[in-house]
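Welcome! Please take a moment to look over the sequence and the 3D structure below, and then we will walk through them together.

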Amino acid sequence: MATTAVSAPLAAGQRRGRASSLRPHLPAYLMCAPTVLMFLVFMAFPIVFVLYTSLLNWDGITSIFDARWVGFDNYQTLVRDATWWTAVRNTVLYAVLKLAIELPIALLIALILGAKLRGATVFRTIGFLPVVTSIAVVSLAFTFFFSPLGGAFNTLLINLGAIDAPIAFLGERRYAFWTVTGVAVWHDLGINMVFFLAALQTVSRDLYEAADLDGATAWSKFREITLPAIRPMTAVIVMLSLAGSLKVFDHFAVMTGGGPGFSTTTMVLYMFRYTSFGGGGLAGTQTIPNIGYGSTVAIGLGLIVFAAVLLQQWIARWQEGR
Amino acid sequence: MATATGTTHRYPASAARGVPLATRLSRLGWDGVRYALLLLYALLCLYPFLWMLSTSLRSTAGVFSAGLSLWVDDPQWQNYAEIWTEANVPRAAVNTVLITTVCMGAIILTTSMAAYALTRSRFPGRQVIMVCLLATFLVPGEMLIIPTFYVNRSLHLIGDWRSLGAVILVMTAGAQVFNIYLLMSHFQGVPSEIYDSAAIDGAGYFETYRRIAFPLIRPALATVALLTFMGIWNAFLVPLVYLSQQPAYQTLTIALIQYSKRFQTLYHVMAAGAVIALVPVIVVFIFLQRYFIRGLTEGAMKG
């Protein structure tokens with residue numbers, strides 16, 4: 001509002017008047033300058049640049065000025081690239097699975113912790129501990145945990161009599177994706193638990209007391225009071241979780257490197273396949289320097305994240321209107 | 001809210017179920033179930049860390065036969081000595097501390113200045129900046145990994161110690177939006193009378209920021225510092241891109257991952273490295289857990 005009030009006379013004024021009216025704002029401009037500069041160099045220009053390189057056949061090693069212009073060829077390749085769609089399917093499945101597993105468990109634990117039990121703070125701290133640790137480093141330990149060579153998980157299953165011989169949980173197509181997803185759930189559950197806990201604290205006690213007077217059961221109190229009250233926070237949790245999951249990289253890179261085959265590759269991992277940098281850190285990844293195609297994969301990734309955010313906003317609005 | 005109060009009338013008054021003693025007994029039973037679930041959850045959260053710790057003390061032979069056990073008969077402290085020299089941990093630790101400290105300082109300074117100016121002043125172009133910041137929420141940083149690499153290459157920020165500069169710049173730039181929004185909501189709580197009286201006292205624009213506004217939102221700045229510490233210390237993707245080919249300038253995480261690729265079965269030594277990399281964050285978290293949790297929740301509420 002205030003901006004329009006200031007800029008309206010500006011538009012009417014002459015050039016000289018404009019310059020002199022900017023001068024009092026000089027300190028404000030200077031204080032925004034570092035942020036604006038970083039935005040231009042590391043955000044605005046890269047967006048234009050990635051759009052441009054996605055139209056080139058460029059290996060990223062030779063000069064970009066020698067790169068061949070190929071128009072939308074890379075996009076046509078991407079749409080027909082079965083491995084890209086495997087990466088999309090894996091990433092989307094991962095995102096959906098994480099929500100489906102984490103939300104109910106996190107809510108259940110938050111409900112228990114919110115019931116004013118003695119020692120709740122200790123449990124909350126322990127439950128939150130995995131969240132603050134580096135998932136890349138933790139994944140390293142889990143690589144051994146799930147190893148068929150004396151890994152603890154195989155020992156447990158053999159002792160329980162569930163399996164006869166050790167299973168390579170990270171090396172077999174049937175198990176690798178689920179194992180990595182399980183580790184991610186273990187790592188991230190605590191943050192959703194804490195989010196739900198914060199949401200539960202905003203629910204008015206009076207509502208529960210009124211319901212008690214009416215003789216409402218615990219289940220109906222949960223359905224009619226708790227759930228509607230935490231709905232806004234649930235929308236936030238879904239959005240944050242989705243946005244994070246679609247960009248997943250660390251634990252897949254460390255534990256499987258996208259393998260075996262491409263069975264656990266994600267969108268970001270697939271993008272790395274076409275770059276020459278970073279490959280040294282990934283397990284069994286053969287990189288093909290093709291920055292043009294890698295840029296196209298990056299844009300595909302951006303579009304899918306964008307679509308997910310729009311979809312989620314649309315669903316949230318539709319639910320509110322209902 | 002309205003629907004919830006309205007629907008409570010739907011239930012018939014059946015409050016007289018059970019005598020007080022039975023109620024109390026059932027409550028005791030429910031508490032038992034609750035504690036059992038919480039203990040199970042706590043065990044699941046803690047066990048991998050404890051298992052990692054005991055793995056880090058096992059011998060080359062013992063590591064493969066230990067299974068689920070947490071007990072270590074003969075702790076092998078030399079595992080820590082081995083990772084210390086083999087993965088060049090002292091160097092990596094210095095690099096990690098350096099990147100984390102510089103990023104924390106740079107992020108606190110740049111985001112608080114921008115948030116202050118954007119909150120206090122209505123200058124031409126402010127709206128443009130706000131829209132640009134909002135738009136970056138929709139652009140995943142991962143999408144810009146490739147072009148950003150070439151931007152840094154043109155800025156001669158690839159190779160040796162200059163790669164550290166690239167990591168710091170990319171991560172500082174990436175942290176702007178979230179933190180500016182967080183801090184703006186706090187600057188908005190500062191009454192404008194405070195600024196007015198500072199102006200009467202002759203304090204300039206920047207002076208008011210440094211002497212009055214900045215100290216006033218110190219708790220929020222502590223949140224930013226804490227979240228930045230956690231995020232940068234644990235960072236994997238950006239350091240991987242810029243530092244994986246610079247052996248002397250790696251962070252702890254990258255040094256450890258590269259060690260694991262070279263010595264694929266030395267799990268006990270890797271575990272020792274993992275403990276070294278995880279301990280600083282865990283220690284800070286245990287002391288400041290309240291602020292961690294508050295900060296992250298607040299961030300989500302604002303986002």
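Let's begin with one helix, α3(A), where these residues are buried: A:A28, A:M31, A:C32, A:T35, A:M38, A:F39, A:F42, A:M43, A:P46, A:F49, A:V50 and A:T53. Keep in mind as you look that this is a predicted model.

Helix α3 of chain A covers residues 26–53.

Now turn to where the two chains meet. Here is a summary of the interface of chain A and chain B:

| Feature of the interface | Value |
|---|---|
| Chain A residues in contact with chain B | 107 residues |
| Chain B residues in contact with chain A | 103 residues |
| Area buried between chain A and chain B | about 9400 Å² |
| Share of that area from carbon and sulfur atoms | 80% |
| Salt bridges found by the rule | zero |
| Residue pairs in polar contact (both at pLDDT 80 or more) | nine |

Finally, look at the largest nonpolar core, which has 201 residues. Residues with the most contacts inside this core are A:F128, A:F249, B:I83, B:I99, B:L118, B:F236 and B:Y242. Its largest share, 17 residues, comes from helix α14 of chain B, residues 267–302.

Leaving aside residues up to four places away in sequence, B:I99 touches B:L164, B:V167, B:I168, B:M171, B:I232, B:L243 and B:T251.

Conventions. Residues are numbered from 1 along each chain as its sequence is written. Chains are lettered from A and ligands numbered from 1 in the order in which they are written. This is a predicted model: local features need pLDDT of at least 70, side-chain atom pairs count only at pLDDT 80 or more; totals for chains, interfaces and linings use all residues. Side-chain values use heavy atoms; hydrogens and water are left out. The bend at a residue is the angle between axes fitted to the seven residues ending there and the seven starting there. Helices (H or I, at least four residues) and strands (E, at least two) are DSSP runs, numbered from the N terminus. Buried means under 20% relative accessible area, exposed over 50%, partly exposed in between (1.4 Å probe, protein chains only). A nonpolar core is a set of buried Ala, Val, Leu, Ile, Met, Phe, Trp, Tyr and Cys residues joined through side-chain atoms within 4.5 Å. Contact means heavy atoms within 4.5 Å. Buried area is the accessible area (1.4 Å probe) that two parts lose on being put together, summed over both. A salt bridge is a side-chain nitrogen of Lys or Arg within 4 Å of a carboxyl oxygen of Asp or Glu. A polar contact is a pair of N or O atoms within 3.5 Å; within protein, one must be able to donate a hydrogen and the other to accept it, and residues adjacent in sequence count only if both atoms are side-chain atoms.
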